[in-house]
Amino acid sequence: MPAKNLSLSGITKLPWDEFYSLSLNAKADFFYKDSLMFDCLYSSQFNRKLLEYLYKLSDKIRFIAQTKSGLDWLQKLLSHKRAVLYFSQPSTRTYLSFNNACQVLGIQASDIRSSGASSEAKGESQEDTVETIHSYTDLLIIRHSNENIAEKAAWMFNRSDNPIPVINAGSGPLEHPTQALLDVYTLHRAFKGRIDGKTIAMIGDLKRGRTIRSLTHMLSNYKNIKFIYISPSELTLPDDLRQYLVKHKIKFEESNNLERSLKKADILYITRIQDEYDKKNESKKIDYSKFGLKKEHLKHLKKNSIILHPLPRRGELSSEIDHDSRAWYWKQEINGLWIRAALIAFIFKQSKSILNYKS
Ligand code: CP
């Protein structure tokens, strides 16, 4: 079983500002308990060993859940646990897949689907909101426009007498670690475990797309991965991500020409423009039309390439492609349910019983 020899104890000593100013790696080290991941906040918390363990666990859960007796068994595992899904930003698939993952494991889930539906609308601070949620639940799954509130909640809960795990379901434009987890799980299934050496073209709003940062970190667990980042000049990679790639000697190129890169890619990862983060409608001035995949592009793609999109999509991914065998984005969505169930089961230490289950 993958392990880290760290504990939560250190976190209780650091005030928030001091904690927050630590490097990502130093911070990530705090979110372990009994040597295992406790809070899932950043994609950099995953190493290859853990990823492969979660793929195996996810495959086993989806296999067990195929029969009534199997699903009944799974639903007893965590029937003593409750989860709150606090989503201050809109969501369809992340919300539904987490909610259904909880149901598969027998966890009772309740939710807040927008800040407007919570007492934040009456002026309550985000900190008081998460403190209140802490009183009612055993697990917080949080999506928020504030990129820091998931880690602040984890920091707060871990200082309390009753630490409960926090899973980041999307933190502003910064991170979406469980999306990256389902993305790599999909690649693992599509390429039958052979992800090393692949070239991935990431296309679209690289500047504000949280899945871009999270998937870049997640894929850096594999050997000889090459990234081609394709975007309009206004939406190129953020500096910190470019520096990360340079520091870790990961091969990458940047381009504004999609057509030229199609032949080289084993994986195409298309993303929509993230105009919800506009300050003054600046996205309206950007020509995004050259950064979409259309039916006429298919003839240029490798025969065994894979097309992914975190979804939702707009015009950047034509529905005419949906029935091409290389289109994996609907399978990608379904994989999200099972790998999220695996992550929750892992955090609540149910992995061994699941892997040992005999029908
Ligand atoms: N990929 C993703 O996060 O989709 P939702 O916004 O629908 O959850």
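Helices (H or I, at least four residues) and strands (E, at least two) are DSSP runs, numbered from the N terminus. The model is predicted: local features need pLDDT of at least 70, side-chain atom pairs count only at pLDDT 80 or more, and totals for chains, interfaces and linings use all residues. Residue numbers start from 1 along each chain as its sequence is written.

**View 1. Asn 356 in helix H13.** Helix H13 spans residues 351–356 and contains Asn 356. Asn 356 counts as exposed because it has 8 C-beta neighbours inside 10 Å.

**View 2. Asn 356 and Lys 60.** These two residues are 296 residues apart along the chain. Their C-alpha atoms are separated by 9.5 Å.

**View 3. The shell around the ligand.** Residues surrounding the ligand include Ser 91, Thr 92, Gly 170, Gln 179 and Leu 311. (A residue is near a molecule if its C-beta atom, placed from the backbone, lies within 6 Å of it.) Helix H5, residues 93–104, gives the most to this shell, with three residues.

**View 4. Make-up of the shell around the ligand.** Four residues of the shell are nonpolar, five are polar and one is charged. (Ala, Val, Leu, Ile, Met, Phe, Trp, Tyr, Cys and Pro count as nonpolar, Asp, Glu, Lys and Arg as charged, and the others, Gly among them, as polar.) Domain 1 (9–175 + 335–350) and domain 2 (177–275 + 283–331) each supply at least three residues of the shell. The domain bounds come from an automatic or database domain assignment.

Conventions:
A residue is buried if 20 or more other C-beta atoms lie within 10 Å of its own, exposed if 12 or fewer, and partly exposed in between; C-beta atoms are placed from the backbone.
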